[in-house]
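Please have the viewer open as you read.

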Amino acid sequence: MMRLILSLIVVSVFCFRGMTQEKIQWQFAYNKQSQAVEAKAIIASGWHLYSQFIEPGTGPVATQFQIERNKNVTLIGQFNEPDPIKHYDETFGSELTYFEKSALFSQKITFTAPTMLKGSVVFMLCNDSMCLPPEEKQFTIELN
């Protein structure tokens, strides 16, 4: 019985994970002109991605970027994001900020030598009837 329950949990996690990958596509790059690392989220119709600036404890997981330490890279400020949609969400009982269709996040940097910049983004997607579990996406960007 315990094996059956464990198997169901594992299968449901993989099903949700596959579902998340269908609902959002991430593109990561370095923009030489703006001297910024860019993370573009392309979001499926009917779904939304939460802002980085969600009040803790309101329910959904805010989008969070992590950059691995790299002696050749200096981060300038924090990841910027476009103006989000603001909406009072009955389910969470709070005003939430999120993005639909797409969002471009950018982090200004300087670097002293060609290198590989590694990091990750943790994010959560919801639609009008359900939320998918938070997911982490790793990325590597060549800087030269």
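## A strand and its partners

Strand S6 (residues 85-89) pairs with S7 in the antiparallel sense over 5 bridges, and His87 has Leu96 in S7 as its bridge partner. Pairing here requires at least two DSSP bridges between two strands. S6 and S7 form a hairpin with 4 residues between them, and Gly93 in that turn has a positive phi of about 65°.

S7 has another antiparallel partner in strand S3 (residues 48-50), joined to S7 by 3 bridges. Tyr50 stands opposite Tyr98 in S7. Strand S7 itself spans residues 94-100 and is mostly covered, with 5 of its 7 residues buried (under 20% relative accessible area, 1.4 Å probe, protein chains only).

## About the model

This is a predicted model, in which local features need pLDDT of at least 70 and side-chain atom pairs count only at pLDDT 80 or more, while totals for chains, interfaces and linings use all residues. Residues are numbered from 1 along each chain as its sequence is written, and side-chain values use heavy atoms, leaving out hydrogens and water.

## The whole chain

The chain has 1 helix and 11 strands, taken as DSSP runs numbered from the N terminus (helices H or I, at least four residues; strands E, at least two). From the N terminus, the order is α-β-β-β-β-β-β-β-β-β-β-β.

Of the 144 residues, 38% count as buried. Among contacts (heavy atoms within 4.5 Å) with a separation of 6 or more, 68% link residues 24 or more positions apart.

Terms used. Buried means under 20% relative accessible area, exposed over 50%, partly exposed in between (1.4 Å probe, protein chains only).
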